[in-house]
Amino acid sequence: MSQTGREIQLAARPHGEPTPDDFRLVEVEVPDPQDGQVLVRNLLMSVDPYMRGRMNDVPSYVPPFKLDKALAGAAVGEVIASRADGVEEGALVVHDRGWREYAVLDARYAHRIDRSIAPPSAFLGVLGSTGLTAYAGLLDVAGLREGDVVFVSGAAGAVGSVAGQIAKLRGHTVIGSAGSPEKVALLRDQLGFDAAFDYHDGRVSKLLRAAAPDGIDVYFDNVGGEHLEAAIGSLRRYGRIALCGAISSYNATEPPAGPRNMHMAIGKRLTMRGFIVFDHHDRRPDFEREVGSWLREGRLHAPETIVEGGIEQAPQAFIDLLRGTNTGKMLVRLQS
Ligand code: NDP
């Protein structure tokens, strides 16, 4: 017997910063699962910066969201009806049908999680794509080497907080930048960063030079723009940049002005490499072993900001994520 549930649809393509009017809360029929499918009651959903790009009607590495259709993204939920072998009712699963209270999907796209390893939220953050992005970006894309001094931007965010801690736990000197004094204090006092600064306190190039007077070897870039320019200026010879994200430009209506110092990459023999986490799933076993054990031992922290209040809060949570109200992974609790 089918039931209804609520979902968030894209009502309009945002121009610049998204507004609540770009989203619509709709009650829809939830179909019964067919053979091979499961019905999932979503408990938590992720809001992620990449979703801003999918709201534009432009070609990218993932197709744009469709107008007047439900948005999508990572979620964790409980299977409440199953017509698939091997997935029983009550199982907790991670899947990509977030932004809705109930999801019907093929069981092969529902990945079972084990609550005894970590709380469900961790599978959307530190043990999910977020953590893998940090791990693969540092180790494989930036090619972290012994003795490297590492700079991470967006360091109090989901990916950045894990990237900085991984570098630290592997014995590196780590510098982070973030957008508030509270976030800077978290980096220094709880996450073990050697130095951290608030990028609102002056020019990023000056702040970075003060934090790393002898320069840096690796830059894990979550931000782009002025941060990237500053990092190019501070990188030493044979320095490496992992281009993970460019959040400073996601809401921009004009292309960013910089970095203006790309010529320095020549003399310094820099390597700059973009990457997408989808291409690094082969790293998952190593990642789960290494990051999972740090997490169990309490050596790696997984800050998260969980917005309560149900699915109606999801659009504002997404808007706030882009404004930086989150510390660590930003999630919305849909149901408990
Ligand atoms: P975060 O948890 O880091 O949230 C976004 C953060 O961005 C905010 O908290 C805010 O923190 C910061 N921010 C917003 N505007 C600016 C600005 N103008 N300048 C500097 N910082 C800003 O999100 P994620 O960890 O999920 O994502 C971080 C980055 O990684 C994003 O660029 C994202 O697109 C990218 N990413 C890339 C992946 C890949 O496969 N390449 C996979 C996952 C994420 P603050 O208060 O510090 O400003």
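## About the model

The model is predicted, so local features need pLDDT of at least 70 and side-chain atom pairs count only at pLDDT 80 or more, while totals for chains, interfaces and linings use all residues. Residues are numbered from 1 along each chain as its sequence is written, and side-chain values use heavy atoms, with hydrogens and water left out.

Start with helix 2 (residues 129-141) and helix 3 (residues 158-169), which pack at an angle of about 45° with their axes 8 Å apart. That angle makes helix 2 oblique to helix 3. (Under 35 degrees counts as roughly parallel, over 145 as roughly antiparallel, 65 to 115 as roughly perpendicular and the rest as oblique.) Axes here are lines fitted to C-alpha atoms, for helices over the stretch in contact, and angles run from 0 to 180 degrees between N-to-C directions. Helices (H or I, at least four residues) and strands (E, at least two) are DSSP runs, numbered from the N terminus.

So who touches whom? Contact means heavy atoms within 4.5 Å. On the helix 2 side you'll find Thr130, Gly131, Thr133, Ala134, Tyr135, Leu138 and Leu139, and they meet Ala158, Val159, Val162, Ala163, Ile166 and Ala167 of helix 3. By class, this contact has ten nonpolar, three polar and no charged residues. (Ala, Val, Leu, Ile, Met, Phe, Trp, Tyr, Cys and Pro count as nonpolar, Asp, Glu, Lys and Arg as charged, and the others, Gly among them, as polar.)

## Rings around Phe23

The structure holds eight aromatic pairs. (Rings of Phe, Tyr and Trp, its six-membered ring, pair if their centres lie within 6.5 Å; planes under 30 degrees apart count as stacked, over 60 as edge-to-face and the rest as tilted.) Take Phe23 and Trp99: their ring centres are 6.1 Å apart and their planes are at 5°, so the pair is stacked. Phe23 sits in strand 2 (residues 23-30) and Trp99 in the loop between strand 5 (92-95) and strand 6 (102-106), 76 residues apart.

Phe23 also pairs edge-to-face with Phe318, at 6.3 Å centre to centre and 70° between the planes. Phe23, Trp99 and Phe318 form one aromatic cluster. Phe23 counts as buried at 8% relative accessibility, and Phe318 does at 0%. (Buried means under 20% relative accessible area, exposed over 50%, partly exposed in between, using a 1.4 Å probe and protein chains only.)

## A helix tucked inside

Helix 6 (residues 225-234) is largely enclosed by the rest of the structure, because eight of its ten residues are buried. Among them are His227, Glu229 and Ser234.
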